[in-house]
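Me: I have a structure open and would like to go through it slowly with you. Could we take it piece by piece?

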Amino acid sequence: MNPIETFEKEYPALADAYKGIMKEQYALFAKKMLAYGIDNISLGTTLEKEEDKKISITGVWIRCMDKMNRLKNLVLYQKTNFVEDESVIDTYKDLVNYNVIAQIVLKDQWKKFYVYIKKLEFQSS
């Protein structure tokens, strides 16, 4: 039996909770991508050069640090949440998606997607 099957057998409720959250994460990722577009991460480059990828990853890292500092203030220091439409859970959701985005960039999959989308945009103009 593989680890996933074992885990799902031994911890079915936890497995279902995890899968449900990841489905929510994907829905949030899709909404944000449609709102911000792919240039938000690629910063207007094709991410074909290592330097461009490094800049992109640095941008994702900065966004993660912003979220971590928000969590530090809300959770650790128990400061008042003045951004009423963004809960602690929302902040954790953003962190998850930024970390997935970083993996996509590091695996050169954002670059492939970027080149594909730009070809489509060129063909439709």
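This is a predicted model: local features need pLDDT of at least 70, side-chain atom pairs count only at pLDDT 80 or more; totals for chains, interfaces and linings use all residues.

Me: Which residue just after α4 takes a positive phi?
Reply: That is Gln78, with a positive phi of about 50 degrees.

Me: Ok, back to α4: how far apart are its end C-alpha atoms?
Reply: They are 37 Å apart, which agrees with the 39 Å that the 27 residues of α4 (residues 50-76) should span at 1.5 Å a residue. The expected span is 1.5 Å times one less than the number of residues.

Me: And which of its residues are buried?
Reply: Among them are Asp52, Lys53, Val60, Cys64 and Leu74, where buried means under 20% relative accessible area, exposed means over 50%, and partly exposed lies in between, using a 1.4 Å probe and protein chains only. What covers the buried residues of α4 includes α3 (39-42) and α5 (88-106).

Me: What about the largest nonpolar core, which residues touch the most other members?
Reply: Of its 13 residues, those are Ile41, Val60, Cys64, Tyr98, Ile101, Val105 and Trp110. α4 and α5 each supply at least two residues of this core, and α5 gives the most, with five residues. A nonpolar core is a set of buried Ala, Val, Leu, Ile, Met, Phe, Trp, Tyr and Cys residues joined through side-chain atoms within 4.5 Å.

Me: What does Ile41 touch?
Reply: Leaving out residues up to four places away in sequence, Ile41 touches Ser56, Val60, Arg63, Ile101, Val105 and Trp110, where contact means heavy atoms within 4.5 Å.

Me: Changing topic, how many salt bridges are there?
Reply: The structure holds eight, each being a side-chain nitrogen of Lys or Arg within 4 Å of a carboxyl oxygen of Asp or Glu. One of them joins the side chains of Glu8 and Lys19 at 2.7 Å, N to O. Glu8 lies in helix α1 (residues 3-10) and Lys19 in helix α2 (residues 12-36), so this pair ties together parts that are eleven residues apart in sequence.

Me: Which parts does the bridge between Asp94 and Lys32 link?
Reply: The side chains of Asp94 and Lys32 meet at 4.0 Å, N to O, and the pair links distant parts of the chain, with Asp94 in helix α5 and Lys32 in helix α2, 62 residues apart. Asp94 is buried at 11% relative accessible area, whereas Lys32 is partly exposed at 35%. Both also belong to a network of salt bridges with Lys67, Arg70 and Glu86.

Me: Last one: what happens at the start of α5?
Reply: A side-chain oxygen of Ser87 reaches to within 3.3 Å of the backbone nitrogen of Ile89 there. After α5 comes Asp108, whose phi is positive, near 65 degrees.

How values were computed:
Residues are numbered from 1 along each chain as its sequence is written. Side-chain values use heavy atoms; hydrogens and water are left out. Helices (H or I, at least four residues) and strands (E, at least two) are DSSP runs, numbered from the N terminus. A polar contact is a pair of N or O atoms within 3.5 Å; within protein, one must be able to donate a hydrogen and the other to accept it, and residues adjacent in sequence count only if both atoms are side-chain atoms.
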